[in-house]
Each structure stands twice: as C-alpha cells, then as structure tokens.
Amino acid sequence: MCAVGSLHETTQSLINDISAIRPAPCFDIPVASAPFADCRLRELENAFSLLVDCVDLTGPRNERPLFIFAAAKGDIRSLEPHETNPALPSPLLSDQAKRVSRIAGITPASTMVISNACASGIVAVAVARFFLEREVYSSAVIAGFDVISRFVTSGFHSLGALSPAGARPFDATRDGLTLGDGAALAVLRFRELAGGDIVVAGADQSNDANHRTGPSRTGEGLHRAAVGALKNAGVAPEHVGAVKCHGTATAYNDAMEAKAINLCFADQPPPCFAIKGAIGHTSGAGSLIELLLAGEFLRRKTIPPTINFTVPDPEASIPVSKEAASFTNPSILCLSAGFGGLNAALLLEERRS
C-alpha cells in the first residue's frame, strides 16, 4: 500500500491517471510529498496489522518460511531531532523486522534484513528466489516498509534532489523526485506452476561504484543488470512485453536509465512506464511495491500512463506513454537503482496455461 491506497486501489488509480502527490510543504520544507492518506499508517504496527488481513500467509502445517525485511530506513521516528519520547520503538532494522514478524504471526526459519537503498525490495525478492530454487525453504515472506520522515526529507533536500511541485519521470522539465510512504507484504512459494501464475523468471544485480549518491552517467551498470536478468530468465530482449522503469524524475537518473534501456534493447525498447509521479519514491520498500504493481499490470496486459510525463526529453528518449497502453508478450522487466551505485533488474512472467 502507498499514498493511493491498497494494491487493487493503486493499480486502478494508476491506470486511470490519478496521482496522490500533495503540494508543498513537507515537514516545513518547500517540497511536494506523497504521504499515506491516514498518517497513522506511518507507524509500523498500524501498517502491518492492516496488511496481514490482505495477504494469505498460511502454508503447509509446521512450515517455517524465510522472512525478509526490506527497507532503507523504515521507522526512524526515534531519530528525529524533535522527538524526546523514550518509549518510541528502536530504529534498528533488525528490531523492526522482529516487530513485523510478530505482528504477522510468523515463526520464521530464518530472518534476514536487506537494506540496499532504493533497490532493497527487488533485491529481497531475488534473494528469496535464490533460496527457494535451491529448496532451502519452501516459501518466503517479504515485508517492505519506508515512510517519509523529517530526517530523510531534510537529507534529500540538502542534495537538491526533491521537486517543489512533484516528480515528472522522464519529462524534459523534471526537477527532482518526490518522497512517498509505502508498506508491502508478499509471499513467494516454490511449487508446480499453473496457468496465470506470476513467476520471478530471472534476476540480476550490479554495482557501478560510481558515487555514493550519484548514478553512473553511462547507464552501463543498470544495463549489465538488465541483460543479466534476461539471460538468467532465458528470455530474449525482443520477447519482453514492457519495462517498469525506476524513473525517479531526477535529471541524471532518468537520463542514465534511458541509456541503459536503449542499450539493452538495441534502441528498440518495448513500452516503458514509471509510477513515481503518482505514488512518490517509497525508498527501499518502493521496488517491492512497484514489483507487486507490475504483476497486476502483467495480469491485465496493460501498463499505466506515466503520470506527469508531458514533454519528451531527447536526453532520455524511451517509449514512455502518456496514456494507458496494452502489450502482448507476457513479461515485464522491472528496474531499480540505489545509492552507492547499486543496480537491480528482475523479469516477471505470466505462466501461460
């Protein structure tokens, strides 16, 4: 869930060109944001108490799943400079992971925390797939959680990375990203496939070691991850149905990503879309949320419009649509990138009957 609402609500709202980005200020900082409609969901217990009612966590009797908590910062209210309440929960991600598994009623065989900046969620899914394919576990539960805070907003604002008016992915007039609230809970299982199943067909990561916060200008790192994911899946580029872009709406990231996509598809990419102009950038949880949304678009064979995309940028030229569009090939390549030079790619496929 995110500022737009639940997975179902967000899927339909995105297709209908609806954005949840609110105008400035955010924590007295002159930037737009995409917060939860109910600010109480910024508390981890409230968010996951709601999510566990929406996800089937039941499995075979006595099954103990792998549990992965994916976040960049998660719940860091106790780090806020204006907070003095000693009863606030620990900001340590390992402690947050324990709280989520307790809320979900999970007794995991093992608990992992993955904090790879903005790519945390997609990396968590790739790690879960690795262990499931080797039958170390029969299922994995992945939780993602990151919410807007004064600490994070101030940090991004100091980098000049936030838009005063709202994110415009791949638009020639883009001027920065928009932070958003997000929480997600997903279950992966290793079993015989049936028609209509959404499959994690391939995944790969790379690190371009370019800069602590800035992306590589060439796109080579993300290109390597995308090619690696397709190779891992055994799928040729021309058989990919669509690309879910990272699309932060910062000048350098979108230009880098466009270069990577054009390299991967020999300048003939399939339809591309980005959703951060609607739900904001939900940080480490974001790539998990966007992966779940991509699965819904894959079922519908429809990608949403890239909200706030109006003026094409010659420096970031890929087939981004202003309107919802259908596609045929049953797969979506999902891309993500993060601070520290991390790049991640994952291919979702719908199993045909």
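Reply: A crossing of two helices is called left-handed if the near helix is turned anticlockwise from the far one by less than a right angle, and right-handed if the turn is clockwise. Please keep in mind throughout that what is shown here is a predicted model. By that rule, the crossing of helix 2 and helix 3 is right-handed.

Me: Beyond the hand, at what angle do helix 2 and helix 3 pack, and which residues make the contact?

Reply: Two packed helices are described by the angle between their axes and by the distance between those axes. Helix 2, residues 44-51, packs with helix 3 at an angle of about 35°, and their axes are 9 Å apart. On the side of helix 2 the contact is made by Leu44, Glu45, Phe48 and Ser49, and on the side of helix 3 by Gln96, Arg99, Val100 and Ile103. Sorted by class, the residues of this contact divide into 4 nonpolar, 2 polar and 2 charged.

Me: How do helix 6 and helix 7 cross, and which residues are in contact there?

Reply: The axes of helix 6, residues 220-233, and helix 7 come within 8 Å and cross at roughly 40°. Angles under 35 degrees count as roughly parallel and 65 to 115 as roughly perpendicular, so helix 6 is oblique to helix 7. The crossing of helix 6 and helix 7 is right-handed. Helix 6 contributes Glu220, Leu222, His223, Ala226, Val227 and Leu230 to the contact, while helix 7 contributes Met256, Glu257, Ala260, Leu263 and Cys264. By class, the contact of helix 6 with helix 7 has 8 nonpolar, 1 polar and 2 charged residues.

Me: Turning to sheets, what is the strand order in the open sheet of 4 strands, and which strands stand at its edges?

Reply: In a regular strand the side chains alternate between the two faces of the sheet. The open sheet of 4 strands has the order 3-2-4-6, with mixed pairing. Strand 3 (110-114) and strand 6 (182-189) stand at the edges, and each has a single partner strand, so one side of each is left without a neighbour in the sheet. From one strand to the next, the twist averages 15°. Within this sheet, strand 4, residues 139-146, runs antiparallel to strand 6 and is joined to it by 8 bridges; phenylalanine 145 stands opposite alanine 183 in strand 6.

Me: Which helices lie on these strands, and in what direction do they run?

Reply: Helix 9, residues 283-300, packs on the sheet and touches strand 2, strand 4 and strand 6, its direction making about 55° with that of strand 6. Helix 3, residues 93-104, lies across strand 2 (66-70), strand 3 and strand 4, running at about 125° to strand 2.

Me: Is strand 13 largely enclosed or left open, and which strands are joined to strand 13 by bridges?

Reply: A residue counts as buried if its relative accessible area is under 20%. Strand 7, residues 198-207, is joined to strand 13 by 9 bridges, and the two run antiparallel; here serine 206 has asparagine 343 as its bridge partner. Strand 12, residues 331-338, is also antiparallel to strand 13, with 8 bridges joining them, and serine 331 stands opposite glutamate 349. Strand 12 and strand 13 form a hairpin with 3 residues between them, and glycine 340 in the turn has a positive phi of about 90°.

Me: Which residues other than glycine have a positive phi, and where is a peptide bond cis?

Reply: Most residues other than glycine have a negative phi, and most peptide bonds are trans. Alanine 249, in the loop between strand 8 (242-244) and helix 7 (251-264), has a positive phi of about 80° and is buried, with a relative accessible area of 0%. Aspartate 267, in the loop between helix 7 and strand 9 (272-273), has a phi near 65°, and at 61% relative accessibility aspartate 267 counts as exposed. The cis peptide bond runs from alanine 24 to proline 25, with omega near 5°, and proline 25 lies in the loop between helix 1 (7-15) and strand 1 (33-34).

Note on methods:
Residues are numbered from 1 along each chain as its sequence is written. This is a predicted model: local features need pLDDT of at least 70, side-chain atom pairs count only at pLDDT 80 or more; totals for chains, interfaces and linings use all residues. Side-chain values use heavy atoms; hydrogens and water are left out. Buried means under 20% relative accessible area, exposed over 50%, partly exposed in between (1.4 Å probe, protein chains only). Two strands pair if DSSP finds at least two bridges between them. Axes are lines fitted to C-alpha atoms, for helices over the stretch in contact, and angles run from 0 to 180 degrees between N-to-C directions. Contact means heavy atoms within 4.5 Å. Angles under 35 degrees count as roughly parallel, over 145 as roughly antiparallel, 65 to 115 as roughly perpendicular and the rest as oblique. Ala, Val, Leu, Ile, Met, Phe, Trp, Tyr, Cys and Pro count as nonpolar, Asp, Glu, Lys and Arg as charged, and the others, Gly among them, as polar.
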